[in-house]
Protein chains: 2
Amino acid sequence: MPKVTIDDVAELAGVSIKTVSRVVNREPNVRELTREKVEQAIAELNYRPNQAARSLASHHSRLIGLIYDDPSVYEIPSAGYIVKMQEGALRACRKLGYELLIHPCRIRDKHVVADLKAFLEEARPDGIILAAPLSNMPKLVRAIGSTGSPLVRLAPGGKNGKHYSVSTNDREISAEMTRYLASLGHRNIAFITGHPSHKAVGNRFLGYQDGLEQSDLQFSPQLVAAGDNSIGSGEICAQGLLELTQPPTAIFAANDDMAAGVIRVADRLGIAVPDQLSIAGCDDISLAQQVYPAITTINQPLSEMADRAATILIEATRHKEPLKGFEIVPATIKVRDSTGPAPA
Amino acid sequence: MPKVTIDDVAELAGVSIKTVSRVVNREPNVRELTREKVEQAIAELNYRPNQAARSLASHHSRLIGLIYDDPSVYEIPSAGYIVKMQEGALRACRKLGYELLIHPCRIRDKHVVADLKAFLEEARPDGIILAAPLSNMPKLVRAIGSTGSPLVRLAPGGKNGKHYSVSTNDREISAEMTRYLASLGHRNIAFITGHPSHKAVGNRFLGYQDGLEQSDLQFSPQLVAAGDNSIGSGEICAQGLLELTQPPTAIFAANDDMAAGVIRVADRLGIAVPDQLSIAGCDDISLAQQVYPAITTINQPLSEMADRAATILIEATRHKEPLKGFEIVPATIKVRDSTGPAPA
DNA sequence: GTGAAAGCGCTAACAC
DNA sequence: GTGTTAGCGCTTTCAC
């Protein structure tokens, strides 16, 4: 397999290497006929541009870095969360001719910042996606910002003026889910909160409160239990809630793992789902469909969000645009089998 | 942030760039004193070699490609499997100054082979890790082999003469698990097989049979149910097995998801685990610890296997060694709460 | 042990 | 529209 270079293509097509370069990079100012000749030569020789040479000459690595919390430390974010994110980012990268560099990091490690800087300086990605919950950590955002790498924050709890962010409508959609439960006749709707480090998950709690108000229901602190995103915490919270003298007829959990925990407890206590108890989750991880009954949940469009983040980043480096602002990828409610009319 | 180059370091240290290069690459033939001077200059300037320049000049990308089945198509391998693999491969890469390129691919897509070749030719990783179940597909193994990229097959069902493989002792450890169940007094031990495309998972079935034999127990086809690695299939299989006139007192599932399905069914049928039914799984994914009771399982050392694969690959490219042979990373049994003495 | 020179294969800047 | 030239920042080769 002798390596085919741009010179070989130029020679075969009878043009200069610069013209080949223009065709490869889809630059303007090439006659249609010339372009075709070059494209044919490329196909004939099966030419592939050498990325190393490209990036050395252009000062662009065509690499996007995806930074997230290492799951082997916390179980947040979960493996499903990570894989979904990767999938979206990869989709965008492939479409635009980039590669993705994944970089899990341990937020509790003292050397995170140094480690991150080393990654940015050595691998030199053209842009960085910082995933939740890291996207909320000023220390990290600042460290990356100071290197000058274009940065997109993924699913941060709120915006900041300095960096672009891609979020979903956590609060609004959680309000909608709450209204949906209310519309089924539920009056005692409980909520299980998520891990406090994850601000986007915190917004779901706010949405729950909004939804109650919009449905003319009273917010009651007893109906709120504090989970930490794990199945186990969902079980513990459910147990507490179901022992109340006025137990809820619907439980809305800030993620699917905890909702699955609630189902387990209902199973054990002989409470029928959804006939006696409705259960709703958040995230739409695969578990939500695998358990019985399948969980009504909110489809967090993580893959689309990561796709958008990577796309924005790549387009920004191409046009050398400053990267400010934000966008919102709307979530949708997936009604499945764990919710139903309130018991009479 | 003005970019620091090798010339700056050479000037500050008062040596030639070649000497700096030697120090950076830990080559021999540098006096200790010279090395120290250079290292000090590097630290002072915070110099980082430019990877693009390095790989252009050396014809090494310092990239390892990890190829696996896209989870959005099949749910095998699961997200947890993928993340564990990535973790191990990343650990090795970081230690040795490499980066990891992940490349999920859709085995059912007609263009897989073309897509893979394009990946290899464009990104030019120095080596490839092909994960199970892809590592069993001759079509893919051949496609990668034909490009000349060094290849390590991860957890293939068997060896082949042409490529290095890293496996675990699936068969032996499954036999051990079966013997363990027998040692608890179980005489009716059922097995739930995994998805047939995953040969390593098939070896677990062979191990189950070995274990029965070694424990002087009769193999009985009725005690074998065919799952597909999903929680749902575990439930279906469990239902069938528990309806037998001579139901098993222990069920050994070829993965943890299916074992979790068995637990769900036992829960529903009011069968106490482990008092009336022992359940064992395979893989030790996080779910195994999160469900109640926590699942006794086999810890598949996926992370270590991927670490070994990447390490082997990197060392081979350095020494330009041909890459043949295999190695086995032993798995271990994790006894937790889902197994106990057979009912009297 | 150390250094000088010659590329690696592309893109940028500018000429035509 | 197209081509020429000069690097990008390293490693390789070979001389000393």
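Predicted model: local features only at pLDDT ≥ 70, side-chain atom pairs only at ≥ 80, totals over all residues.
User: Which residue is the bridge partner of B:F191?
Analyst: The bridge partner of B:F191 is B:F252, which belongs to β8(B).

User: And how many bridges join strands β6 and β8 of chain B?
Analyst: Strand β6, residues 189–193, and strand β8, residues 250–253, are linked by 4 bridges in chain B, and they pair in the parallel sense.

User: In what order do the strands of that sheet stand?
Analyst: The open sheet in chain B consists of 4 strands in the order β7-β6-β8-β9, with parallel pairing. Because β7 (224–226) and β9 (278–280) of chain B each have a single partner strand, they stand at the edges, and one side of each has no neighbour in the sheet. On average, neighbouring strands of this sheet are turned by 15° against each other, direction ignored.

User: Which strands does helix α8 of chain B lie across?
Analyst: Helix α8, residues 170–183 of chain B, lies across β6, β8 and β9 of that chain. The helix runs at about 170° to β8(B).

User: Changing topic: what rotation superposes chain A on chain B?
Analyst: A rotation of 180°, with a shift of 0.1 Å along its axis, superposes chain A on chain B with an RMSD of 0.2 Å. That is the relation of a two-fold axis.

User: Which C-alpha of chain A is nearest the axis?
Analyst: That of A:A52, which is 2.3 Å from the axis.

User: What share of the contact residues of chain A recur in chain B?
Analyst: The share is 100%, and the same surface serves both copies.

How values were computed
Residues numbered from 1 in each chain as written. Chains lettered and ligands numbered in written order. Pairing = 2+ DSSP bridges. Helix = DSSP H or I, 4+ residues; strand = E, 2+ residues; numbered from the N terminus. Axes fitted to C-alpha atoms, helices over the stretch in contact; angles between N-to-C directions. Contact = placed C-beta atoms within 7 Å. Least-squares fit on C-alpha atoms with pLDDT ≥ 70 in both.
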